[in-house]
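Reader: I would like to learn how to read the strands and helices of a fold. Could we go through one together?
Author: Gladly; here it is.

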Amino acid sequence: MFKIAVTGSNGFLGKAFVRHARLAGFNLRLLIRSAEKVPEEFKNPNLGPVPEIIFGDLKDDPHNHLLWAGVDVLVHIAALGVQANDRKWDQVASINIERSLIWLKAAQESGVKHAVVAGTALEYKGYGQLPNKPSNSDAHLCKEKDSLETAEPYGASKAAGGILIRAWARNSKFPLWYMRFASCYGEGDNPKKLIPAIVSHVISRKKLELSPGDQVREWLHIDDAARAILAGAVQDPYKVQLVNVGTGIGTSIKEIVSLIDPKNNYVQCGKKPYRKGETHILVMDPTHCREVLQWSPKINFREGLDNIDASNFTT
């Protein structure tokens, strides 16, 4: 029976993938740190096959681990540094580079046929810097072989880890999808992230001050991201495949504010300076992903925003 092992299943992207995989009838085995971390929805038999839970984390020794028995595919989503309070250089390097490679090697040694590894658009350098060196074109799209220079620990560690993992996988002949995801949004997102923060301040009628908002970013609905992972889990890449998973469409922070708070009653751009070295445009070209994975996003940004349950983000 086809079985998928998952790391990082109780995070934002992980929970969405588990939900989609269960609804599609797949059998899952999840690596979760403790019983307290298991989401209640994972226990509901009405949502599909109840996943098997293995307690542990990436700091464990993965060799001869209970996670591997009978597993066909590893979906590796676990990472450190997605949240700002986790961005300590030495810790993100350990988890996102060293420990990720060790677990992937153990997966191959245990007979896992291929893996899907979650990367991030933040690995890319992007185009232009604000406020003094903006890009001279809004048509720039990051392709898979573009520069990965980045100034913050999460993106840098994921870029370094991705390079190492892909090099090892090619050398070891371990088929692998490496997916760089655009910024995800939707139900279950961290309230401190940009879109939930804007929504929560508007519905609670609290002021939120932002930078001028000319940063252009790409936004991918969490359900589309989960569908991409599921497509990779069931489709053998036959080799190492690096793909950008996104929409290819950029939206500025100012535009997001205008969609959620059109009269700027609560969210005000221009009240704070840009961060040092703020990238102007960071939007990926998803053409290769659509060609080799046969995946494309279904939910446009405005539709995704309209469908967010604002009560989930109240402060």
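Predicted model: local features only at pLDDT ≥ 70, side-chain atom pairs only at ≥ 80, totals over all residues.

Reader: Which other strands pair with β10, and in what sense?
Author: Strand β8, residues 183-185, pairs with β10 in the parallel sense over 3 bridges. There, S183 stands opposite W219. Strand β14, residues 278-282, also runs parallel to β10, and 2 bridges join them. In that pairing V216 stands opposite I281.

Reader: How many residues of β10 are buried, and on which faces?
Author: A residue counts as buried when its relative accessible area is under 20%. In β10, 6 of the 6 residues are buried. Both faces are covered: V216, E218 and L220 lie on one side, with R217, W219 and H221 on the other.

Reader: Let us turn to the open sheet. How many strands form it, and in what order?
Author: The sheet has 7 strands, in the order β3-β2-β1-β4-β5-β7-β11, and their pairing is parallel. At the edges are β3 (52-55) and β11 (240-245), each of which pairs on one side only. From one strand to the next, the twist averages 20°.

Reader: Why is β5 described as largely enclosed?
Author: Here the burial count gives the reason: 7 of the 7 residues of β5 are buried, so the rest of the structure largely encloses this strand. Both faces are covered, with H114, V116, A118 and T120 on one side and A115, V117 and G119 on the other.

Reader: Which helices lie across the strands of this sheet?
Author: Helix α1 (residues 12-23) lies across β1 (3-7), β2 (27-32), β4, β5 and β7 (176-181), and runs at about 160° to β2. Helix α5 (residues 222-234) lies across β1, β4, β5, β7 and β11, at about 170° to β7.

Reader: How should I describe two packed helices?
Author: The general idea is to give the angle between their axes and the distance between the axes. For α1 and α5, the axes come within 8 Å and cross at roughly 65°. The crossing of α1 past α5 is right-handed.

Reader: Which residues of α1 and α5 meet?
Author: From α1 there are F12, L13, A16, F17, R19, H20 and A21, which meet I222, D223, A225, A226, R227, I229 and L230 of α5. The residues of this contact divide into 10 nonpolar, 1 polar and 3 charged.

Reader: And at what angle do α2 and α3 pack?
Author: Helix α2 (residues 89-109) and helix α3 (residues 153-172) pack at an angle of about 20°, with their axes 9 Å apart. Angles under 35 degrees count as roughly parallel, and α2 and α3 are therefore roughly parallel to each other. Their crossing is right-handed. Among the α2 residues in the contact are W89, V92 and L104, while the α3 residues include Y154, L164 and W168. The contact residues divide into 13 nonpolar, 6 polar and 2 charged.

Key. Residues numbered from 1 in each chain as written. Heavy atoms only, no water. Buried < 20%, exposed > 50% of the residue type's maximum accessible area, 1.4 Å probe, protein only. Helix = DSSP H or I, 4+ residues; strand = E, 2+ residues; numbered from the N terminus. Pairing = 2+ DSSP bridges. Axes fitted to C-alpha atoms, helices over the stretch in contact; angles between N-to-C directions. Parallel < 35°, antiparallel > 145°, perpendicular 65-115°, else oblique. Left-handed = near helix turned anticlockwise from the far one by under 90°. Contact = heavy atoms within 4.5 Å. Nonpolar A, V, L, I, M, F, W, Y, C, P; charged D, E, K, R; others polar.
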